[in-house]
Amino acid sequence: MLNSSIDKATGFEKRFENIDTIIFEDSSTASKSVAKEIAALIRAKQITKESCVLGLATGSTPKSLYAELVRMHREEGLSFRNVITFNLDEYYPMEPDSIHSYVRFMKELLLDQIDILPENCHIPDGTLPKEEISDYCAGYEAKIKAVGGIDLQILGIGGNGHIGFNESGSLQNSRTRLVALDHITRVAAAKEFSGLNNTPRTAITLGIQKIMEAKRVILMAWGEGKANIIRAAVEGEVTTKVPASFLQGHANAIFVVDREASKFLTRISSPWLVEKVQWTAKMTRKAVLGLALSLNKPILMLTDADYIENGMSDLLANSGPAYDINIKIFNDLQSTISGWPGGKPNADDSNRPERAEPARKRVLIFSPHPDDDIISMGGTFKRLHEQGHEVHVAYQTSGNIAVADDEALRFANFVVDYNSRFDIKNQEAQDIYKRAIEFIKNKKASEIDTPDVRAIKGLIRRGEARATSHFVGLPDERIHFMDLPFYETGKVEKNPVGEADIELTMALIEKVKPHQIYAAGDLADPHGTHKVCLDAIFESVRRLKSKPFMKDCWVWLYRGAWQEWGIDEIEMAVPMSPDQVLEKRRGIFKHQSQKDGVVFQGSDSREFWQRAEDRNKDTADIYDAMGLARYAAMEAFVRWHF
């Protein structure tokens, strides 16, 4: 049985949580714990000579679980000879050898790497004629019943609360069937299919009734992007709008989540409502700012009654009255605002986010994709340069998979026309163009771009990034294209961070010897590149921390188009005027390949410049609502202490 690595549910806590929820510090630790439970179940069944029936899920969530099961098979002798598996779902229509099929997913990640009998593996068939699907689904459920039902069902959760492909509106007694996929689900999957137009509209899924019949259910969720729906499923009412909420009625179901996915659960977001807490400065700031936001009041307008009526009377008793607490939090928040992100020279820096000295700093901005720098911190980027700091920008990946095919053809055609116009004889360029156009014209939805096409797409993004850096004012020698190897798979799915990625990152840091490093802490990035890039930076900094120059290096984390830091987390807020907002927009416009229908749109239909402006405006509006000065926009940062 799984045990929490952080805290256990208490009776008091049960006022909020309607299902057992175990929080782990990270997904790796959580996956290993789930794998141990599965292994224990398999071995217990082997002793009694019984089959172990597992319900399996696909998607990014169970990947680390399957990797751990494979490791246990290879290194600990865990046998799967007595295991029978039933997968939850499959896209329809879908050929089993497609790179998008769940048959291929399961074979590559688990089934082909263990000793399970092939006849014991069941995955819905995405090749059936539509008129045969109903009978097939009934037969799929009959097979589950014939082996005694599912002993343990593994689940992920969709952004709209779906389990399997049981979308919002699915009934608790729904059976295995063909379903239409929700727009939210298709948008989330679009990155795998190189765009929404290529994403299937239907799928075959195990019904909720069969999931509820499983003897035990473990739902796993990782990352901040799942935090809202986890709270709805765990603390909200049981509703067809959130199918995962039906698990509140299961006798033996648990949710296993990492710290980021748990952040909106009451015991994490407002622990003082759950148990007696130690009112540290950080906890006090979180509580007071949260109270002001929830009551829509400026900080200095909060009263003793507001504290008492919202579960914060012990804070009031220890540190009150409200006026004293309010003044302290107001001053703390005000001190985060700085128009000098590199530090203000010849000024008292005791209440400023950054040091005054050295007055001219070496700054290294890491950008995971070729546009994250300008989208996420374009105003700060430009201000650092204008205030006289030696600013370097490092583009960690080529970003080539985010360029549409027609953009690549247009670029290749330009090169050919350029050579022709100036009578430059270059047969190799002609041959590259011919190969590229031939490939793209006949490209299947499941095919990976050829090296030539990927190189063309990478050059497009490199040119746009250079144009942005020139727009800010940087010379070429301060623009660094890293092309980290982990990214160059040609697929949305990237490799884990490797030694080569870390060595390249370390080498650049040692070359620049920065006083400031800016890195993307935007872990809600839909295709995971930000996370791998951040891991490379963190590991590099850890290895270099004993170097003398690192004693003067501070690391600031920014967030991008997908999310922003919470008001209680922000340690530096750089304000922008209306003119500076327009300047940032013009910098973003240098990335023409990412305008007007980008490949990886995510669930937000706005263009990246619109998201950035709205996000920066929202941050400024929150500061205004708290009773501080009003600005057009703000970019926010959190310092990482290594």
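Trainee: Within what distance do the axes of helix 17 and helix 18 come, and at roughly what angle do they cross?

Mentor: This is a predicted model, in which local features need pLDDT of at least 70 and side-chain atom pairs count only at pLDDT 80 or more, while totals for chains, interfaces and linings use all residues. Residues are numbered from 1 along each chain as its sequence is written, and side-chain values use heavy atoms, without hydrogens or water.

Helix 17 spans residues 499–512 and helix 18 spans residues 529–544; their axes come within 9 Å and cross at roughly 60° (helices are DSSP runs of H or I with at least four residues, strands are E runs of at least two, both numbered from the N terminus; axes are fitted to C-alpha atoms, for helices over the stretch in contact, with angles from 0 to 180 degrees between N-to-C directions). Helix 17 is therefore oblique to helix 18 (under 35 degrees is roughly parallel, over 145 roughly antiparallel, 65 to 115 roughly perpendicular, the rest oblique). The crossing of the two is right-handed (the near helix is turned clockwise from the far one by less than a right angle).

From helix 17, the residues that meet helix 18 are Glu499, Ile502, Thr505, Met506, Ile509 and Glu510. Helix 18 answers with Ala536, Ile537, Glu539, Ser540, Val541, Arg543 and Leu544 (contact is heavy atoms within 4.5 Å). This contact divides into seven nonpolar, two polar and four charged residues (Ala, Val, Leu, Ile, Met, Phe, Trp, Tyr, Cys and Pro are nonpolar; Asp, Glu, Lys and Arg charged; the others, Gly among them, polar).

A second pair can be set beside it. The axes of helix 13 (residues 372–386) and helix 19 (residues 578–588) come within 9 Å and cross at roughly 120°. Helix 13 and helix 19 are therefore oblique to each other, and helix 13 passes helix 19 in a right-handed crossing. Helix 13 contributes residues including Ile374, Ile375, Met377 and Arg383, and helix 19 contributes Gln580, Glu583, Lys584, Gly587 and Ile588. The residues of this contact divide into four nonpolar, five polar and four charged.

Some loops elsewhere also deserve a look. Between helix 11 (313–319) and helix 12 (322–334) lies proline 321, and its peptide bond from glycine 320 is cis, with omega near 10°. The loop between helix 12 and strand 11 (362–367) holds proline 358, which a cis peptide bond joins to glutamate 357, with omega about -5°. Asparagine 346 also has its place in the loop between helix 12 and strand 11; although not a glycine, asparagine 346 has a positive phi of about 55°.
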